[in-house]
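Here is a short briefing to read alongside the structure. Have the viewer open, and let us walk through it topic by topic.

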Amino acid sequence: MTFPKFGKAFRSEFSFQPDYVPLNHGSYGTYPNAIKPILRGYQEAAEEHPDRWMRYEQHPILQKNLKLVGQMIHADPKDLAFLPNASQAANNVLRSFPFKAGDKILYYQIGYINVNKTLEFVRDQYGVELVRVDLRLPMEDDEILDLTRQAIQREQAKTDEPKIVMAVIDALSSLPAARLPFERLTKLVQENGILAMVDGAHTMGHIELDMQAMNPDFFFANCHKWFFTPRGCCILYVPKRNQGYVHPTTITLNYKHHTEGGDHSSFALEQIPSTMDTSPYMCIEAAIKYRESLGGERVINDYCHDLAVKGGALVADMLGTCVMENAAKTLTANMVNVQLPVRPTTSKPDAAIVDTYLKKLIYEHNTMASPYKHNGKWWVRLCAQIYLDLDDFETAGKALLAITNEINKE
Ligand SMILES: Cc1ncc(COP(=O)(O)O)c(C=O)c1O
């Protein structure tokens, strides 16, 4: 079987404007044109007979798609629920878990902003204490494990204080974009009696997932980022032993109080959403078929990883800087971080620097990659995808160089 050749020519499979060079797939994702009629078909069916659809006919289709995701990530579909996005999944878990005042949650400063803000909310609302671990990337996996272990030992040694109850662990963090040793971190925290909530927002369609092997306590992944479903499609995985802890953020008729984490009697029912368009959830099947027609997960991700590594090296060379990577080269998956040569003495405020990059990249150079500051230095995250070639990274590199020179002149 021959599969299509990836690269720029592939952009016509998607809805991009012809001259747009999109290197920011990780933020919002996008889906191929082949999936549009599937999505629209479900939306049409809903409008043809809303009562029949909402009460009855959508449910078996949703179940079938949950089962397909379950097969992909080695999870019992009864442990899965659909949600519109990863922020809502994090909110479901963190805002419904029965924390007691003083309980501690371990988290990392590089965690996604919406998730870390939800932690602040839980702290302010319920009196939970947050234990922050700072990761200054690039770091080796072992160093990340060591820092986490030290934080756990330090906190758990305080015998007169409540313990760390939960840890929030990124699988692939956002900014910086890094593949963290999430499988080992999950095991480490669990060995210390701590529940592991793994933010896998970027994982579906990006790296291999196996819920049985990883055995997280809570896990979520967007399908609209790297898996090519339409936007508004995320899966939440909660094994039965913890389903009693989780209720949706929007409580509906199926709400039931649980006194035990292991009471899984109402998880699936409670997660049925109130009125909304669930058709993005139904496009899992079409996304799987489309991805198989390209050669499958390995073929897609080998291309993307190789392009991220080569593209990152090219842009770093153009900017005279470096890629954020450790000695074992474990940090880069399909997103690569390149240092930006912003003058350290610039008087421009950080927010203005970000704003300048964003607006100029989008409106003057018709491209996009995400700039950010980490550990006192400026970086940009560039995302590889099957519709990109190396010279697309060159285009972004030229734009980044021009904008950096303008910022440095001010
Ligand atoms: C690591 C991580 N977690 C959570 C999210 C939130 O995803 P969403 O915007 O779909 O809620 C993102 C979004 O980029 C992310 O990168």
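Helices here are DSSP runs of H or I with at least four residues, strands are DSSP runs of E with at least two, and both are numbered from the N terminus. With that naming in hand, find the end of helix H3: just after H3, His74 takes a positive phi of about 55 degrees. Please keep in mind that this is a predicted model. The protein chain is divided into domain 1 (8-30 + 297-409) and domain 2 (40-288).

**Helix H3 and what follows**

- Helix H3 covers residues 50-73, and its 24 residues should span 34 Å at 1.5 Å a residue; the end C-alpha atoms lie 32 Å apart, which agrees.
- H3 has a kink of about 50 degrees at Glu57, shortly before the proline Pro60.
- Which residues of H3 are buried? They are Gln58, Asn65, Leu66, Val69, Met72 and Ile73.
- The cover over these buried residues of H3 includes strand S2 (80-83), helix H8 (211-214), strand S8 (234-237) and helix H10 (284-293).
- Is His74 buried or partly exposed? His74 has 13 other C-beta atoms within 10 Å, so it is partly exposed.

- The centres of domain 1 and domain 2, taken over C-alpha atoms, are separated by 28 Å.
- Across the boundary, 21 residues of domain 1 are in contact with 19 residues of domain 2.
- On the side of domain 1 that touches domain 2, the elements giving two or more residues are helix H1 (25-28), strand S9 (335-339), S11 and S12.
- S11 supplies the largest share of that side of domain 1, with three residues.

- Strand S11 (residues 370-374) and strand S12 (residues 377-383) run antiparallel and are joined by five bridges.
- Within this pairing, Tyr372 has Trp379 of S12 as its bridge partner.
- Two residues lie between the strands of the S11 and S12 hairpin, and Asn375 in this hairpin takes a positive phi near 55 degrees.
- S12 is also joined to S9 by five bridges, and S9 and S12 run antiparallel.
- Which residue stands opposite Trp379 in S12? Gln339 does, while Trp379 is also the bridge partner of Tyr372.
- S9 is mostly covered, with four of its five residues buried.

**The nonpolar core**

- The largest nonpolar core has 117 residues, and those with the most contacts inside it are Phe220, Cys234, Ile235, Leu236 and Leu382.
- Domain 1 and domain 2 each give at least three residues to this core.
- Take Leu236 as an example: leaving aside neighbours within four places in sequence, Leu236 is in contact with Leu80, Ala81, Leu83, Ala89, Asn92 and Phe220.

- Ala384 lies in the loop between S12 and helix H13 (390-409).
- Not counting residues up to four places away in sequence, Ala384 touches Cys304, Leu307, Ala308, Gly311 and Asn334.
- Ala384 and Lys359 are 25 residues apart in sequence, and their C-alpha atoms are 21 Å apart in space.

**Backbone details worth a look**

- The peptide bond from Leu137 to Pro138 is cis, with omega near 5 degrees.
- Pro138 has its place in the loop between strand S4 (129-133) and helix H6 (141-156).
- Leu175 and Pro176 are likewise joined by a cis peptide bond, with omega about 0 degrees.
- Pro176 is found in the loop between strand S5 (164-170) and helix H7 (182-191).
- Asn215 is a residue other than glycine with a positive phi, near 55 degrees.
- Asn215 is placed in the loop between H8 and strand S7 (218-222).
- With 15 C-beta neighbours inside 10 Å, Asn215 counts as partly exposed.

Note on methods. Residues are numbered from 1 along each chain as its sequence is written. This is a predicted model: local features need pLDDT of at least 70, side-chain atom pairs count only at pLDDT 80 or more; totals for chains, interfaces and linings use all residues. The expected span of a helix is 1.5 Å times one less than its number of residues. The bend at a residue is the angle between axes fitted to the seven residues ending there and the seven starting there. A residue is buried if 20 or more other C-beta atoms lie within 10 Å of its own, exposed if 12 or fewer, and partly exposed in between; C-beta atoms are placed from the backbone. Two residues are in contact if their C-beta atoms, placed from the backbone, lie within 7 Å. Two strands pair if DSSP finds at least two bridges between them. A nonpolar core is a set of buried Ala, Val, Leu, Ile, Met, Phe, Trp, Tyr and Cys residues joined through C-beta atoms within 7 Å. Domain bounds come from an automatic or database domain assignment.
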